[in-house]
Amino acid sequence: MIFHGGRIGWSGAVMTIPTFEEAVSRIVQKDPRFAERAYFFLKEALDFTMQRIEEQENGAQRHVSGQELLEGFRDYALSKFGPMASTVLKEWGIRNGGHVGEMVFLLIEEDVFSKQPEDSLDDFKGFMSFRRAFEEPYEFQEQSN
């Protein structure tokens, strides 16, 4: 998934690509399942994930898979919200990895994210348990003597 937005000039004509804000506003009007803020957080998580991949691959940019995005989404959410991550995401309507994928594909439909032909919603399903990802790290562990 890659974010793009702004204006593209071509042979004297200008094709306008919707801004991220405009796209999110249209999506939420049509499909209010996820809060506006959730889409902005998803974009931040994608940026976080892409930066991490670039660092791991000596500055090389490449496509981010659904699994990589979910891992980055999890890590970014935990870094921003800590033990409140699950609560915040649920408040925004995000309860599983499939929801993240649905948001990604809504952004793709609005031409602000792009995809490869092999990308699918299934890439986001069944990969990550939100409970395990966001709640278990903070559960009280009784120490044995």
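The structure examined here is a predicted model. In this model the axes of H1 and H2 cross at roughly 140°. H1 and H2 are therefore oblique to each other. The two axes come within 9 Å. The crossing of H1 past H2 is right-handed. On the H1 side, the contact is made by Phe20, Glu21, Val24, Ile27 and Val28. On the H2 side, Glu36, Tyr39, Phe40 and Lys43 take part.

The burial pattern of H1 was examined next. Its buried residues are Phe20, Ala23, Val24, Ile27 and Val28. These residues lie on the same side of H1, because they cover an arc of only 130° around the axis. An α-helix has 3.6 residues a turn, so residues three or four places apart point the same way. The face of H1 turned away from the buried side carries Gln29 and Lys30, both exposed.

Aromatic pairing was then searched across the whole structure. Nine aromatic pairs were found. One of them joins Phe20 and Phe40. Their ring centres are 5.2 Å apart. Their planes meet at 75°, so the pair is edge-to-face. Phe20 belongs to helix H1, residues 20-30, and Phe40 to helix H2, residues 36-56. The pair thus links distant parts of the chain, 20 residues apart. Phe20 is buried, because its relative accessibility of 4% is under the 20% cut-off. Phe40, at 22%, is partly exposed.

A second pair is formed by Phe48 and Tyr76. The centre-to-centre distance is 5.3 Å. The planes stand at 45°, and the pair is tilted. Phe48 lies in helix H2, whereas Tyr76 lies in helix H3, residues 66-81. The pair therefore ties together parts that are 28 residues apart in sequence. Phe48 is partly exposed, with a relative accessible area of 26%. Tyr76 is buried, with a value of 10%. Both residues also belong to a cluster linked by ring pairs. The members of the cluster are Phe41, Phe48, Phe73, Tyr76, Phe81 and Trp92.

Ser86 lies in helix H4, which spans residues 85-91. With a relative accessibility of 8%, Ser86 counts as buried. Ser86 touches Phe134 and Glu135, when residues up to four places away in sequence are not counted.

Ala133 lies in helix H6, residues 130-135. Its relative accessibility is 9%, so Ala133 counts as buried. The C-alpha atoms of Ala133 and Asp75 are separated by 8.9 Å. Along the chain, these two residues are 58 residues apart.

Methods: Residues are numbered from 1 along each chain as its sequence is written. This is a predicted model: local features need pLDDT of at least 70, side-chain atom pairs count only at pLDDT 80 or more; totals for chains, interfaces and linings use all residues. Side-chain values use heavy atoms; hydrogens and water are left out. Rings of Phe, Tyr and Trp (its six-membered ring) pair if their centres lie within 6.5 Å; planes under 30 degrees apart count as stacked, over 60 as edge-to-face and the rest as tilted. Helices (H or I, at least four residues) and strands (E, at least two) are DSSP runs, numbered from the N terminus. Buried means under 20% relative accessible area, exposed over 50%, partly exposed in between (1.4 Å probe, protein chains only). Contact means heavy atoms within 4.5 Å. The arc is that of the directions from the helix axis to the C-beta atoms. Axes are lines fitted to C-alpha atoms, for helices over the stretch in contact, and angles run from 0 to 180 degrees between N-to-C directions. Angles under 35 degrees count as roughly parallel, over 145 as roughly antiparallel, 65 to 115 as roughly perpendicular and the rest as oblique. A crossing is left-handed if the near helix is turned anticlockwise from the far one by less than a right angle, and right-handed if clockwise.
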